[in-house]
Amino acid sequence: MALRFVHCSDIHLLDLEGVGAHRFFNKRATGAVNLALHRRKAYAGHLFDRIVENAIELKADRLVVTGDLTNLALEAEFELVRRKFGEAGLPVTVIPGNHDAYTRGAARGRRFESYLSAFMEGERQSGHDYPFVQRFGGVALIGLSTAIATLPLFATGRLGDSQLTRLDAILKELGDERVARVVLIHHPVIPGVAKARHDLLDLDAFMQVIERRGAELILHGHEHVHIEGDLPGPEGAAVVHGIAAGTALSQKPGRHGAFSLYTVAPGSIAREHYTWNGEEFVGGPETTH
Ligand SMILES: [Fe+2]
Ligand SMILES: [Fe+2]
């Protein structure tokens, strides 16, 4: 049986209610709040509501969001995200992005995981949040985390050796079972795609895992731009799709607010792509692999 799901990313829902001076006592943090307020003009939270409406109209089984749900990884932002997901009317799968581990406090306190664990239920090695595997018959969603707290002006990510080792084993096992493997990761995985200081620090090691074990589809966000490519695998290429920010108001090509509807089954991937035209999401069948 096929899994039909909507993918969106980088919704960056903003809620600065209750942000006090005690939390932002240094210049860096003040700058971050100003940046987040500035973003308000370029991103609109109500587009996420429209994506959810579209997902339900399109009879998607599930909504998949590949990170950057928040701006500053604040409790108030995670509360807003948790409420929106809880009210969505269809099951939601999430992974974190760099903005969801914006501060050391948020990362160390596992704030993302403590608020959103209900949307990351699945099989995982005990003691490790990632990767988690959600299986739907012959299709599996494999959720990774590249979220690390970084220095100011850096938006890099890292999987880490231990997560990569677990991913290697998972991809092998599912591949042996001929399960369609859909890998969810926040950072881009095509070399050269990410801007400087925006990249996945252990991309080479990730590519080696894919080359050795394979995957059928890799979905990411982070660059807020439409990306299509592939990575070499042992039995053919793994399809890679990067999607623009779900809530972007931009009308620049490739940067429109967007979501994709996937129908995945063992041996087949169909995609419909939808973009925001200023009034509604429009699109339809685009590519079939
Ligand atoms: Fe983002
Ligand atoms: Fe990001």
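**Strands, helices and turns**

Analyst: Strand β2 (residues 62-66) runs parallel to β3, and 4 bridges join them; strands (E, at least two residues) and helices (H or I, at least four) are DSSP runs numbered from the N terminus, and two strands pair if DSSP finds at least two bridges between them. This is a predicted model, in which local features need pLDDT of at least 70 and side-chain atom pairs count only at pLDDT 80 or more, while totals for chains, interfaces and linings use all residues. Residues are numbered from 1 along each chain as its sequence is written, and chains are lettered from A and ligands numbered from 1 in the order in which they are written.

User: Which residue in β3 does valine 65 stand opposite?

Analyst: The strands β2 and β3 are parallel and joined by 4 bridges. The residue in β3 that stands opposite valine 65 is valine 94.

User: Is aspartate 68 buried or exposed?

Analyst: Aspartate 68 is found in the loop between β2 and α3, and its phi is near 55°, a positive value in a residue other than glycine. A residue is buried if 20 or more other C-beta atoms, placed from the backbone, lie within 10 Å of its own, exposed if 12 or fewer do, and partly exposed in between. Because aspartate 68 has 25 other C-beta atoms within 10 Å, it is buried.

User: Is lysine 59 buried or exposed?

Analyst: Lysine 59 is found in the loop between α2 and β2, and it has a positive phi of about 60° although it is not a glycine. Because it has 9 C-beta neighbours inside 10 Å, lysine 59 counts as exposed.

User: How far apart are the end C-alpha atoms of helix α6?

Analyst: The expected span of a helix is 1.5 Å times one less than its number of residues. The 16 residues of helix α6 (residues 161-176) should therefore span 22 Å, and this agrees with the distance between its end C-alpha atoms, which is 23 Å.

User: What arc do the buried residues of α7 fall within?

Analyst: The buried residues of α7 are Leu203, Phe206, Val209, Ile210 and Arg213. They line one face of the helix, because seen down the axis, with the arc taken from the directions from the helix axis to the C-beta atoms, they fall within an arc of 120°.

User: Which elements do the buried residues of α7 pack against?

Analyst: Asp204 and Arg212 are exposed on the other side of α7. Two residues are in contact if their C-beta atoms, placed from the backbone, lie within 7 Å. The buried residues of α7 pack against α6, β8 (227-231) and β9 (238-242).

User: Which glycine in the turn between β8 and β9 has a positive phi?

Analyst: The strands β8 and β9 run antiparallel and are joined by 5 bridges. They form a hairpin with 6 residues between them, and the residue in the turn with a positive phi, of about 110°, is glycine 236.
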